[in-house]
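Subject: Structure handover

Hello,

Here is the structure I promised to pass on. Please open it first, then read my notes below.

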Amino acid sequence: MTPPLLSLRAAELTLGGRVLWSGVDLDVAPGEFVAVLGANGSGKTSLLKAILGQHRLSAGSATFLGEPLRHGDRRIGYVPQQRLADEGTPLRGRDLVGLGLDGHRWGVGWPSRARREKVDEVLDAVGAAHYARVPVASLSGGEQQRLRIGQALAGDPRLLLCDEPLLSLDLRAQGVVSELIDRTRRARDFGVLFVTHDVNPVLGMVDRVLYLAGRRFRVGTPDEVLRSDVLSELYDAPVDVVRARGRVIIVGAPDQTHAHEHEHDHGADLP
Ligand SMILES: Nc1ncnc2c1ncn2[C@@H]1O[C@H](COP(=O)(O)OP(=O)(O)OP(=O)(O)O)[C@@H](O)[C@H]1O
């Protein structure tokens, strides 16, 4: 078996005096796509920050490629939660991707031609070459998101952490962005931890899910975890998981009481 990229053992995170999750055992293998699900405040973003070395585990251990996690490891790429670029920023797509090279072997100090070629290669890979010279602030959310993924890929990561990369994108852009991540993780064999509160756009790509709820968690394939009996036990309350037209709809999760009411508004509320 391929050794895991990331291993969490009995991992616990406490922030502001509150335990967010504990006892988490998780291995992420090269090329594996793991969706991290759970309601607002369940600690999904904090999990990514712990893996980035920005939060210290309060118990347990975490290793990356067999060594303890360290802050600023360039082999871990990060696509932070989407924020639209500030109006008026002069930054262009090429600049954004170039920032991903800094600290990398293609970064500052490399001949400008090699650097330029590497930026072009990444822009092509994410399908952003034709708008690479346009100021980022004038691009659509989906276009900006492709560039952010390009920026993370420029460092040739072994593990890619994505925090709600589909947030506020329309259905078409959600498809483009998720397929881009899926295609590149297969081509380059990197692992993906993908935080989302709607698993549906990536349901066909996900190998396993980590579902966080009220300090507790479940790990398994979508079929193993996204089930009424499993989530009812996890929440310690009756929860129905309904599969309809290829979508998973979760009804009755105590911390998601409003989710299904808004499904038709933006289609992104449900795990
Ligand atoms: N640095 C911090 N210090 C104290 N508490 C924090 C810190 N960072 C996050 N928290 C708290 O930890 C909890 C989990 O936050 P986190 O952002 O990880 O949740 P999440 O599952 O990603 O939620 P969302 O879906 O809303 O993004 C929240 O209650 C948050 O207020």
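Let me start inside the protein. Val-36 touches Lys-44, Leu-47, Leu-193, Phe-194, Val-195, Leu-210 and Leu-212, leaving out residues up to four places away in sequence. Touching, or being in contact, means that two C-beta atoms, placed from the backbone, lie within 7 Å.

Two notes on reading the model. It is predicted: local features need pLDDT of at least 70, side-chain atom pairs count only at pLDDT 80 or more, and totals for chains, interfaces and linings use all residues. Residues are numbered from 1 along each chain as its sequence is written.

**Confidence**

pLDDT is the predictor's confidence in each residue, from 0 to 100. The protein averages 87. At least 70 is reached by 87% of the residues. Residues 257-271 are another matter: pLDDT stays under 50 there. The model has 23 contacts beyond four places in sequence for that stretch. Where pLDDT is low, the predicted coordinates should not be read in detail. For the complex, the predictor gives an ipTM of 0.96 and a pTM of 0.88.

**Overall picture**

The protein has eight helices and twelve strands. Both are DSSP runs, numbered from the N terminus: helices are H or I with at least four residues, strands are E with at least two. Of the 271 residues, 40% are buried. Buried means that 20 or more other C-beta atoms lie within 10 Å of the residue's own; exposed means 12 or fewer; partly exposed lies in between, with C-beta atoms placed from the backbone. Take the contacts with a separation of 6 or more: residues 24 or more positions apart account for 65% of them.

The largest nonpolar core has 71 residues. Such a core is a set of buried Ala, Val, Leu, Ile, Met, Phe, Trp, Tyr and Cys residues joined through C-beta atoms within 7 Å. Val-34, Val-36, Phe-194 and Val-209 have the most contacts inside it. In soluble globular proteins, nonpolar side chains tend to be buried together.

**Helix packing**

Look next at α4 (residues 141-154) and α5 (residues 171-188). Their axes come within 9 Å and cross at roughly 15°. Axes are lines fitted to C-alpha atoms, for helices over the stretch in contact, and angles run from 0 to 180 degrees between N-to-C directions. α4 and α5 are therefore roughly parallel to each other. The cut-offs are under 35 degrees for roughly parallel, over 145 for roughly antiparallel, 65 to 115 for roughly perpendicular, and oblique for the rest. On the α4 side, the residues that meet α5 include Gln-145, Ile-149 and Leu-153. On the α5 side, those that meet α4 include Val-177, Leu-180 and Thr-184.

α3 (residues 112-125) also packs against α4. The angle is about 130°, and the axes are 9 Å apart. That makes α3 oblique to α4. Val-122, Leu-123 and Ala-125 in α3 meet Gly-150, Leu-153 and Ala-154 in α4.

**The loop between α3 and α4**

Is Ala-128 buried or exposed? Ala-128 is buried, with 24 other C-beta atoms within 10 Å. This residue lies in the loop between α3 and α4. Beyond its neighbours within four places in sequence, Ala-128 is in contact with Gly-93, Leu-123, Glu-143, Arg-146, Leu-147 and Gly-150. Ala-128 and Gly-150 are 22 residues apart in sequence, and their C-alpha atoms are 8.5 Å apart.

Gly-127 is in the loop between α3 and α4. With 13 C-beta neighbours inside 10 Å, Gly-127 counts as partly exposed.

**Two positive phi values**

Most residues other than glycine have a negative phi. Asp-189 has a positive phi, near 60°. Asp-189 is in the loop between α5 and β8 (191-195). It is partly exposed, with 14 other C-beta atoms within 10 Å.

Arg-245 has a positive phi too, of about 45°. Arg-245 is in the loop between β11 (240-244) and β12 (247-251). With 5 C-beta neighbours inside 10 Å, Arg-245 counts as exposed.

**Before β1**

Pro-3 is in the segment before β1 (6-15). Pro-3 is exposed, with 10 other C-beta atoms within 10 Å. The C-alpha atoms of Pro-3 and Arg-227 are separated by 29 Å. Along the chain these two are 224 residues apart.

Best wishes
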